[in-house]
Amino acid sequence: MRALVVRLDNLGDVLLAGPAVRAVAARADEVVMLCGPRGRAAADLLPGVDRVVEWCAPWIDPEPGPVERAEAERLVDLVRGADRALIFTSFHQSPLPLALLLRLAGVPWIGGISDDYPGSLLDLRHRCDADVPEPERMLALAADAGFPTPHDTRLRVRGPLPDVTALTGATGYVVVHPGTSVPARAWPPERCAEAVRALTAAGHRVVVTGDRREKELTAHVAGIDGVDLGGRTTLPELAAALAGAAAVVAGNTGPAHLAAAVGAPVVSLFAPTVPAARWAPYGVRTVLLGDQNAPCKDSRARVCPVPGHPCLSSVTADRVAAAVEEVIA
């Protein structure tokens, strides 16, 4: 059986699909993962995936291009030959546009979670009304499709990870990751810089991480006390750096889920624009900070709609330093 598993959005979303992907891999002869360009690097790290196919879905990507017939036809060609397909989605996404394209590709069996009537587009219409963590939502779809939930449902990445001690030094440091995929989820940069100073004063060695677009931010946050790795790591190297950390401080963004996938405790600066019950770091020790009843609650806002960003700006550096001690202890 050749199984097609789908998660078309961001790096963190793909990592959260990992337990369900492993459930499918336990019974399939081959697992092909269809992902978007923003999640491709994470898909390459998932255990159980034999091959990755990349395609940008114009109904999911936050900065989509125009809908083009040639691109739709390219997808149809890319996924031909799959025997079964599971379309993993978030609660606000529909599997039906992709299901239509998979039908055109001749995929004989398709499952997805859908509140909308799917007609002949889905063979399995799974319903999931509970406010459950995203990995469990996807595991429930896989189980309904005949792929039992594995004993180990933690997030995982493929090993071995690269040796990054030349970048980080010995293990046991604290990672501060100030960047986020959308501004509404970010702890203010000056607060991040204060946290680096507070953690250093408490005796911790601090490593500041970020991608190449965040080098100015990481340099500011690291200051003279932290080790600035902004733009200096690939995703596997970032995973290795997080794996060596005693604790990770991050917002609701992909590297927080990557930290969970390598077993690092997380201090989560979580803006309530989406429910923490669904999106908090999964399966690791976590301290959740941020006002979860702020006016932006459940708004799914990408830019904070409340002046002053109170849900996270109210969190002090000293509170984060105390939370680091909590997750380490």
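Reply: Start with rings. Rings of Phe, Tyr and Trp (its six-membered ring) pair if their centres lie within 6.5 Å; planes under 30 degrees apart are stacked, over 60 edge-to-face, the rest tilted. Searching the whole structure gives 1 aromatic pair. Trp 55 and Trp 59 form this tilted pair, 5.8 Å centre to centre with 50° between the planes. The model is predicted: local features need pLDDT of at least 70, side-chain atom pairs 80 or more, while totals for chains, interfaces and linings use all residues. Residues are numbered from 1 along each chain as its sequence is written, and side-chain values use heavy atoms, without hydrogens and water.

Me: Is Trp 55 buried or exposed?

Reply: Buried means under 20% relative accessible area, exposed over 50%, partly exposed in between (1.4 Å probe, protein chains only). Trp 55 is buried, at 4%. Trp 59 is partly exposed, at 31%.

Me: At what angle do helices α4 and α5 pack?

Reply: Helices are DSSP runs (H or I, at least four residues), strands likewise (E, at least two), numbered from the N terminus. Axes are lines fitted to C-alpha atoms over the stretch in contact, and angles run from 0 to 180 degrees between N-to-C directions. Here α4 (residues 69-78) and α5 (residues 96-104) pack at about 65°, axes 8 Å apart. Contact means heavy atoms within 4.5 Å. Ala 72, Leu 75 and Val 76 of α4 meet Leu 98, Leu 101 and Leu 104 of α5.

Me: Where is Val 306 found?

Reply: Val 306 lies in the loop between β12 (286-289) and α13 (310-313). Val 306 is buried, at 18%. Not counting residues up to four places away in sequence, Val 306 touches Pro 295 and Cys 296.
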